[in-house]
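Colleague: Could you take me through this model, from its overall make-up down to single residues?

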Amino acid sequence: MNKPALLGALLEGRVEIDTQELLSANWGRLTKYGFRYRRSDGDWQPLVREVYDRGHGAVLLPYDPVRRHVLLTRQCRLPALLSGHAEELIEAPAGLLDNADPETRIRLEVEEETCYRLGPVEQLFAPFMSPGSLTERLTFFIAPYSPADRISGGGGKADEGEDITVLDLPFDEVMALAAAGRIPDAKTILLLYHLALTVFRA
């Protein structure tokens with residue numbers, strides 16, 4: 001069954017949106033929806049949900065297959081700080097698509113944040129990151145790199161509030177940090193374990 005048919009089989013006649021109210025339209029759009037959902041027993045249940053739409057994004061984890069290193073960034077993330085993570089967040093380079101295709105956008109983002117210019121990249125998957133509240137789908141990539149691919153110092157764009165430290169670290173050390181809870185970023189953990197299962201298998 002193709003994707004549109006599958007969606008129709010699951011959703012047709014089961015969701016009816018009654019109201020929508022725009023609550024905020026700053027960086028993204030926060031909308032409050034009132035809708036009815038027909039449950040599996042046939043009863044219609046009224047529900048209210050707030051949905052945040054900030055567009056889709058892409059993330060890429062560069063890896064050095066010769067040195068067994070990965071390339072990460074470290075920066076302040078206010079939501080993580082407010083949630084109790086007192087350290088700057090270590091994560092793979094990522095960014096919003098801004099109307100570009102995922103590969104074009106992530107190449108530019110990696111270059112802006114790390115100042116590494118990549119060769120071939122491999123697209124993996126594009127999951128919803130928090131489907132209970134966000135519309136965002138994030139396209140995941142990996143790509144090989146070497147120290148010779150660095151074209152300048154990195155650090156992101158100061159006029160966008162970025163102050164990024166570039167980390168070129170041994171893969172085993174990074175996996176230990178993730179296991180200890182020092183890398184609590186979901187997209188980065190997914191990519192690290194993908195590398196562990198594919199590129200850096202013992």
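Predicted model: local features only at pLDDT ≥ 70, side-chain atom pairs only at ≥ 80, totals over all residues.

Modeller: Residues are numbered from 1 along each chain as its sequence is written, and side-chain values use heavy atoms, with hydrogens and water left out.

Colleague: How many helices and strands does the protein have, and what percentage of its residues count as buried?

Modeller: Helices (H or I, at least four residues) and strands (E, at least two) are DSSP runs numbered from the N terminus, and the protein has five helices and ten strands. Buried means under 20% relative accessible area, exposed over 50% and partly exposed in between, with a 1.4 Å probe and protein chains only. Of the 202 residues, the buried share is 34%.

Colleague: Which residues touch the most other members of the largest nonpolar core?

Modeller: A nonpolar core is a set of buried Ala, Val, Leu, Ile, Met, Phe, Trp, Tyr and Cys residues joined through side-chain atoms within 4.5 Å. The largest one has 23 residues, and those touching the most other members are Leu61, Val70, Leu72 and Leu195.

Colleague: Which element supplies the largest share of this core?

Modeller: At least two core residues each come from strand S4 (57-64), strand S5 (69-75), strand S9 (138-144), strand S10 (165-170), helix H4 (171-179) and helix H5 (186-197). The largest share, five residues, comes from H4.

Colleague: Which residues line the second largest pocket, and how many of them are charged?

Modeller: On a 1 Å grid over the protein atoms alone, a pocket is an open set of points where a 1.4 Å probe fits, with protein on both sides within 12 Å along at least five of seven lines, and lining residues have an atom within 4 Å of a point. The lining consists of Val15, Ile17, Tyr33, Phe35, Arg49, Val51, Phe128, Pro131, Gly132, Ser133, Leu134 and Thr135. Strand S1 (15-25), strand S2 (29-38) and strand S3 (44-53) each give two or more residues to this lining. By class, eight lining residues are nonpolar and three polar, and the number charged is one.

Colleague: Is valine 51 buried, partly exposed or exposed, and what separates its C-alpha atom from that of threonine 135?

Modeller: Valine 51 lies in strand S3 and counts as partly exposed, because its relative accessibility is 24%. Leaving aside neighbours within four places in sequence, valine 51 is in contact (heavy atoms within 4.5 Å) with residues including Tyr33, Ser133 and Thr135. Valine 51 and threonine 135 are 84 residues apart along the chain, and their C-alpha atoms are separated by 7.1 Å.

Colleague: Is threonine 114 buried or exposed, and which backbone oxygen does its side chain reach?

Modeller: Threonine 114, placed in helix H3 (residues 102-114), is buried, because its relative accessible area is 0%. Its side chain reaches the backbone nitrogen of tyrosine 116 at 3.2 Å. At 2.6 Å, the side chain of threonine 114 also reaches the backbone oxygen of valine 110.

Colleague: Which side chain makes a polar contact with the side chain of glutamate 87?

Modeller: Glutamate 87 is found in the loop between helix H2 (78-82) and strand S6 (89-91), and counts as partly exposed at 38% relative accessibility. A polar contact is a pair of N or O atoms within 3.5 Å; within protein, one must be able to donate a hydrogen and the other to accept it, and residues adjacent in sequence count only if both atoms are side-chain atoms. At 3.1 Å, the partner of glutamate 87 is the side chain of arginine 182.

Methods
Nonpolar A, V, L, I, M, F, W, Y, C, P; charged D, E, K, R; others polar.
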